[in-house]
Amino acid sequence: MIAIKAVFQKERKKDSLAALLIFFVILSLYFVSLPYPFLWDDEVSLTQNPGFGTPRYVREIFTKHFFDAGLQQKFSPQRGFYRPLVGLSFLLDRLIWGMQAYGFRLTNIILHAATCIAFYFLFKRLNFSPGISFLCTFIYAVHPVHIGSVAYVSGRTDVLRTLFMLLAFLSYWDRKLLPSFVFSVCAFLSKEDAVVLPGLFFASDIILKKKFSKTVIPYLLLIPAYMLFRRYYLNAHDLHGMKTSFFYYATLAKSVFVYLRIIVFPFDLHFERFHPIVTSFVSGAYYILAFFVLFFLALKISWNRPVALFSLISFGVVFLPVSNIVPIYYRYSDVYLFLSDHFLYMPLMFIILFTLSLMPPLKIITRTFVLASYIVLCAFFLFFFATSIRVWRDKEIFYKDIIKKSAFPFRAYNNLAAYFEKRGDSRCLEYLKKLKKIMPPDYVYYYIVKTHWHYFQEHDLEKTIQTFEEAIGNGVRVPLVYYGLGDVWFEKGDVQKAINYYEEGLRLSSTSDADALFRLGFLYYCQGDRISLEKALGYFVKSNDLNRSETAERYMIKTKKLLFLER
């Protein structure tokens with residue numbers, strides 16, 4: 001008994017040392033990213049979200065689409081991104097760090113370290129030695145493909161979901177069912193593609209433990225329960241826009257090879273890839289055939305190796321929801337397949353595990369060669385890590401890098417134009433022209449950025465009105481355009497026109513907008529006659545019911561006083 005206890009203590013010391021080394025390696029690598037700015041979706045959901053941190057935000061991260069929380073103007077997507085635990089973690093960051101990007105990013109780094117440590121223990125559960133487990137975890141931890149999940153604050157969705165999925169899997173493996181179920185629910189509440197987690201449990205029972213276990217049934221039932229919740233509570237249409245085109249699926253097959261190349265040779269990492277859809281039947285047939293040859297070859301060599309087979313199946317399970325089999329950008333999916341490096345955050349784990357499980361026992365000379373190769377591989381990845389992470393240090397550099405490397409950089413053009421607009425830099429118009437060339441005429445954000453330039457930088461109300469009217473003439477029918485027109489006409493002194501545009505915007509809105517209701521009430525308040533004051537009071541009350549504010553309550557009191565005086 002004493003000898004067994006000593007062995008366990010020695011094993012725990014090794015595990016503790018490995019965990020500490022993993023943590024400090026990750027911290028030292030990503031430390032350089034701490035002063036980097038908020039980027040991309042960080043601005044939509046955090047820095048430019050006036051509701052972030054309010055009670056409404058807390059309520060809406062559990063009831064709305066993730067990027068809608070706190071915003072008056074809702075995106076109302078067909079497929080809701082439901083990630084309340086990520087939103088709560090952002091609130092905690094704000095409580096601790098304020099709105100300092102380094103604090104949010106430090107949380108990402110800590111979560112990434114925790115995920116890597118959980119990955120290390122996955123190797124241990126599968127009977128790999130501490131040394132092998134550490135070396136493989138180290139490769140995963142330093143791989144540059146993770147920069148988009150760790151250095152990018154909003155990339156936390158990948159990290160948090162993967163951490164909870166690993167904790168759920170480790171608990172399930174040890175048959176600690178209550179913690180496993182809790183971690184599973186937390187994974188579902190971190191990112192919607194965690195819905196595949198019960199598939200990993202099922203695969204581990206059948207392939208690794210060689211038997212079906214009834215304990216997996218409640219987890220499997222989580223899948224339809226979650227999908228029904230999304231359909232009838234979030235009103236999400238998860239299969240909306242699913243493609244049936246041969247060329248689209250051929251491009252999906254090709255994307256597997258693109259991702260494998262990124263894993264092995266990560267020399268051109270960038271945040272957003274739009275891969276052109278295959279247009280030739282011959283090319284399409286070639287990629288589909290190559291995909292099935294690769295799959296069946298991998299299946300054949302892993303068939304009698306349970307860990308390898310489990311890794312292969314698990315890779316397919318976790319890759320499927322991020323493969324874009326249901327297009328995120330449905331409107332452009334006839335021309336482009338959307339890929340992103342950070343989609344590999346969890347699939348890469350099973351690629352590493354698959355590769356390791358195929359390695360035969362090594363002789364001493366072979367071990368020396370493999371160790372030397374491993375050192376070269378680490379140096380190779382660290383080199384690309386150092387060159388790739390620098391791109392994130394500045395917004396202009398970041399967006400220009402995407403423009404340089406992406407086949408369809410419409411969001412980068414849009415965000416760079418908005419960045420220059422806020423700085424009063426005339427290059428805003430240059431990038432708006434480039435955006436207009438590649439986008440359909442009803443792309444609303446082109447008009448939003450352009451009107452901001454005319455209004456805030458040039459202070460030209462006529463050009464602002466012309467741009468808004470051009471948007472409406474090109475088929476743009478979103479409330480934001482009509483509200484903008486109303487604001488400009490109010491500034492020009494035409495209150496009635498402003499009212500007309502606000503009322504049209506509210507008619508187009510699929511959700512009640514407290515800010516728009518208040519502003520419409522204020523426009524009626526400015527007209528001053530009794531009928532207008534009664535309408536103003538009604539809009540102030542509606543606005544305050546949706547989102548209580550001192551301003552709305554103050555105007556309610558003022559309006560009631562004026563109505564009383566007119567009696």
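Tyr259 counts as buried because its relative accessibility is 2%; buried means under 20% relative accessible area, exposed over 50% and partly exposed in between, with a 1.4 Å probe and protein chains only. Phe319, with a relative accessible area of 8%, is also buried. The model is predicted, so local features need pLDDT of at least 70 and side-chain atom pairs pLDDT 80 or more, while totals for chains, interfaces and linings use all residues. Residues are numbered from 1 along each chain as its sequence is written, and side-chain values use heavy atoms, without hydrogens and water.

A search of the whole structure finds 80 aromatic pairs. Rings of Phe, Tyr and Trp (its six-membered ring) pair if their centres lie within 6.5 Å; planes under 30 degrees apart count as stacked, over 60 as edge-to-face and the rest as tilted. The ring centres of Tyr259 and Phe319 are 5.6 Å apart and their planes are at 85°, so this pair is edge-to-face. The pair links distant parts of the chain, 60 residues apart: Tyr259 lies in helix 12 (residues 246-264) and Phe319 in helix 14 (residues 306-319). Helices are DSSP runs of H or I, at least four residues, numbered from the N terminus. Ring pairs also link a cluster, including Phe274, Tyr329, Phe408 and Tyr445.

The buried residues of helix 11 are Tyr219, Leu222, Tyr226 and Arg230. These buried residues pack against helix 8 (156-173), helix 9 (177-188) and helix 10 (197-208), where contact means heavy atoms within 4.5 Å.

Terms used. Helix = DSSP H or I, 4+ residues; strand = E, 2+ residues; numbered from the N terminus.
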